[in-house]
Amino acid sequence: KLCNQACHHCHVDASPKRTELMDEATAGRLIELLANSPKTHTLDITGGAPEMNPNFRMLVTQSRKLGKKVIDRCNLSILFEPGQEDLGQFLADHEVEITASLPCYSRENVDKQRGRGIFDKSIEGLKLLNRLGYGQTESKLSLHLVYNPGGAFLPPEQQSLEQSYKERLAEDFGIVFNQLFTITN
C-alpha cells in the first residue's frame with residue numbers, strides 16, 4: 001500500500017505513509033508458485049506504487065525468466081522519484097506491459113483528483129515511455145491508460161472516451177498509447 005501519491009479515490013487507500021509491503025519471503029514464494037503453475041500466464045502487479053516495493057524488480061525479472069507476461073499498474077509519477085530514474089528503461093528491457101492511471105486528459109481534473117503537479121509528471125512519464133517504444137505501432141511494448149471517475153458516477157462509454165483521449169493526447173502532447181480502460185473504484 002506504499003505509494004508516492006495519496007489520491008482520495010484510491011481503492012486500497014495507499015499513500016506515502018502506508019508501510020504495508022509484500023516481504024521478500026512472500027515474493028519468493030510467489031515466484032515459486034508461478035514456476036509450478038504452467039497455466040498461469042500473467043503476473044499483474046499493483047499497489048499503491050508497486051515499483052516502491054524493494055522486491056518489485058526481482059518479481060519482474062524472475063517472472064519474465066519463467067516466460068510470464070508481467071503487467072505493471074503504474075501511476076506514471078513514480079518514474080521521477082529518487083531511485084527510480086532507470087525504471088522506464090528497466091520496464092522496457094523486460095517487456096513489461098504498462099497499465100497507467102491517467103484519470104483525465106486535462107490538467108485541472110487530474111491535479112484535482114490526484115494532487116498538484118501530477119498531471120505534468122504523468123505527461124512527462126508518458127512521453128518518456130513513448131521514447132522507449134511504449135504505445136508505438138509495431139512495438140512489443142504495450143501502454144494502456146486507465147480512466148476512473150472522480151466522483152460517485154459511472155464512466156462514459158469506453159470506446160468513445162478512448163478516442164477522445166487518443167485525439168487530445170496526440171494533438172496536445174504527441175503522446176500515443178494502445179488502449180484506454182474505464183474503471184470505477
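Predicted model: local features only at pLDDT ≥ 70, side-chain atom pairs only at ≥ 80, totals over all residues.
### Strand neighbours

On one hand, β3 pairs with β2 (residues 69-74); the two run parallel and are joined by four bridges. If you want a landmark in that pairing, find R73, which stands opposite T99 of β3. On the other hand, β3 also pairs with β4 (residues 143-147), again in the parallel sense and over four bridges. Here the landmark is A100, with L145 of β4 standing opposite.

Strand β2 has a further partner in β1 (residues 42-45), and these two strands are parallel, with four bridges between them. Within that pairing, I45 has D72 of β2 as its bridge partner. Together, β1, α2 and β2 form a β-α-β unit that is right-handed.

| Strands | Direction | Bridges | Facing residues |
|---|---|---|---|
| β1 and β2 | parallel | four | I45 and D72 |
| β2 and β3 | parallel | four | R73 and T99 |
| β3 and β4 | parallel | four | A100 and L145 |

### Helix α4, buried on one side

Which residues of helix α4 are buried? In this helix, which spans residues 107-114, they are V110, D111, Q113 and R114. Viewed down the axis of α4, these buried residues fall within an arc of 165°, so they line one face of the helix. The cover over them includes β3 and also α5 (118-131). Turn to the face of α4 that looks away from the buried side, and you will find the exposed residues E108 and K112. Just after the helix comes G115, whose phi is positive, at about 120°.

### Two residues to look up

F56 belongs to helix α2, residues 56-65. Is F56 buried or exposed? Its relative accessible area is 1%, and because buried means under 20%, F56 counts as buried. Beyond its neighbours within four places in sequence, F56 is in contact with I45, P50, E51, D72, L87, F90 and L91. Two of these names, I45 and D72, have already come up as bridge partners. For a sense of distance, F56 and D172 lie 116 residues apart in sequence and 33 Å apart in space, C-alpha to C-alpha.

E162 sits in helix α6, which covers residues 158-173. With a relative accessible area of 18%, E162 is buried as well; the cut-off for that label is under 20%. What does E162 touch, once its neighbours within four places in sequence are left aside? The contacts are F177, N178, Q179 and L180.

### The chain as a whole

Stepping back, the chain holds six helices and five strands. From the N terminus on, their order is α-β-α-β-α-β-α-α-β-α-β. The radius of gyration is 16 Å, close to the 16 Å that the globule rule gives for 185 residues, so the chain is as compact as a globular protein of that length. Its C-alpha trace spans about 45 × 40 × 30 Å along the principal axes.

Of the 185 residues, 45% count as buried. The chain exposes about 9,900 Å², and carbon and sulfur atoms supply 50% of that area. Finally, among contacts between residues at least 6 apart in sequence, 68% join residues at least 24 apart.

Definitions and conventions: Residues numbered from 1 in each chain as written. Heavy atoms only, no water. Pairing = 2+ DSSP bridges. Buried < 20%, exposed > 50% of the residue type's maximum accessible area, 1.4 Å probe, protein only. Arc of directions from axis to C-beta. Contact = heavy atoms within 4.5 Å. Rg over C-alpha atoms; globule rule 2.2 N^0.38 Å. Areas by Shrake-Rupley, 256 points an atom, 1.4 Å probe, with all protein chains shown as cover. Right-handed = clockwise from strand over helix to strand, strands pointing away.
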